[in-house]
Amino acid sequence: MRKRTEMVSQDALPSRVRQTDVAKLAHVSRATVSRILNNCTKGFSVKEEVRARVLDAVNRLGYKPDLAASALRRRRPKRFLAWFGWAYPEGFAEQFLQQLTPAVQDSGFLLTPTYLPPYGSFYNGLPWWRIDAAILTDLQQGDPLVSSLEREGIPYVSVNCEGGENGSSICMDDADGMRQICAHLSGLGHRRIAYVERMASVMRPHASIDIRRRVFREALLAAGGIPVERPDGTAWCADEGEALIRGAILKGGATALVFYSASAALFAYDAILRAGLRVPEDISLVSCHDAYPLSYLGGSGITAVQMDIGQAVEESLRLLAGAFDKPETKGESLLLEEHLVIRGSTAAPKPI
């Protein structure tokens, strides 16, 4: 006769739930709980009803496994993987971590994320706990964390940021992404186009800044277009909404705006609406970086370049696994493609 699990009040829960507590509530042995939670299949089988009873007990008790103890008990303990990134909502680092978190569960690593707060510039060094490998995303150029990893001989992958001599690196093809943008807008008939960034105080040093500026000008001129620039030759600033509208669009005659980042697109989009302009009837918009809000703006979204973050995650884990299999191998450098996603923010310019 099947035994029924008892109702457990929150007051009755122990301060730290152990596998023995789960086993007692589910009326099975602790070994059975351990095998079910670790998905053991070799030499072990269990009825689905028993598995469901154990998982129900886990949920009722709020059991959390002790990862460190589990790692020590394994013959091949998992390695601790540190992720370092800038805590900026909907930025590249945040998007990368969102996809890394589920992917790392099937690897030989345990993930320990470490955020750099938005007001910080550099990491002070390695964390106080032991790490076996690291993934760096959006670190500022010259961050001493890279030197610390190199000095300690810890395998690492720098993704979309500057690395060191011995680490692997994964870069996004920002140059080709910008060429796709210019080709798309030129193909629609746009000739006068302005490039828009954020104010200097929030533009963290990154190789993509120079790459996108240079390729925008080169690609647009090659297509017969005219970059609409400030008199001093600098990029327009999305934070100065009124000045951008007045200078680049009303006076400069720009029929399209290209944004360095998703945040620049968001700032400018608000100013465009307040100015009474319509997208894309009066002005076309494209972002060099796609992020969650852009796909919903205006109902049909902002045309944007997507980076294959899923591939970046997959390659990062592959490179780190390879660094342990063949420690004598020097780090690899990969360049991943970017893809322009066309949405409702671009159309042919209005006839003059």
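Q: Is Arg-230 buried, partly exposed or exposed, and what is its relative accessible area?

A: Arg-230 is partly exposed, with a relative accessible area of 22%. Here buried means under 20% relative accessible area, exposed over 50%, and partly exposed in between, using a 1.4 Å probe and protein chains only. The model is predicted: local features need pLDDT of at least 70, side-chain atom pairs count only at pLDDT 80 or more, and totals for chains, interfaces and linings use all residues. Numbering runs from 1 along each chain as its sequence is written, and side-chain values use heavy atoms, without hydrogens and water.

Arg-230 has a partner. Glu-240 forms a salt bridge with Arg-230, with the closest N and O atoms 2.5 Å apart. The pair links distant parts of the chain, 10 residues apart: Glu-240 lies in the loop between strand 8 and helix 9, Arg-230 in the loop between strand 7 (226-227) and strand 8. Helices (H or I, at least four residues) and strands (E, at least two) are DSSP runs, numbered from the N terminus. A salt bridge is a side-chain nitrogen of Lys or Arg within 4 Å of a carboxyl oxygen of Asp or Glu. Glu-240 is also partly exposed, at 38% relative accessibility.

Now helix 9 (residues 241-251). Its buried residues include Gly-241, Leu-244 and Ile-245. The buried residues of helix 9 pack against strand 6 (192-197), strand 8 (236-237), strand 9 (256-259) and helix 10 (262-274); contact means heavy atoms within 4.5 Å. After helix 9 comes Gly-253, whose phi is positive, near 75°.
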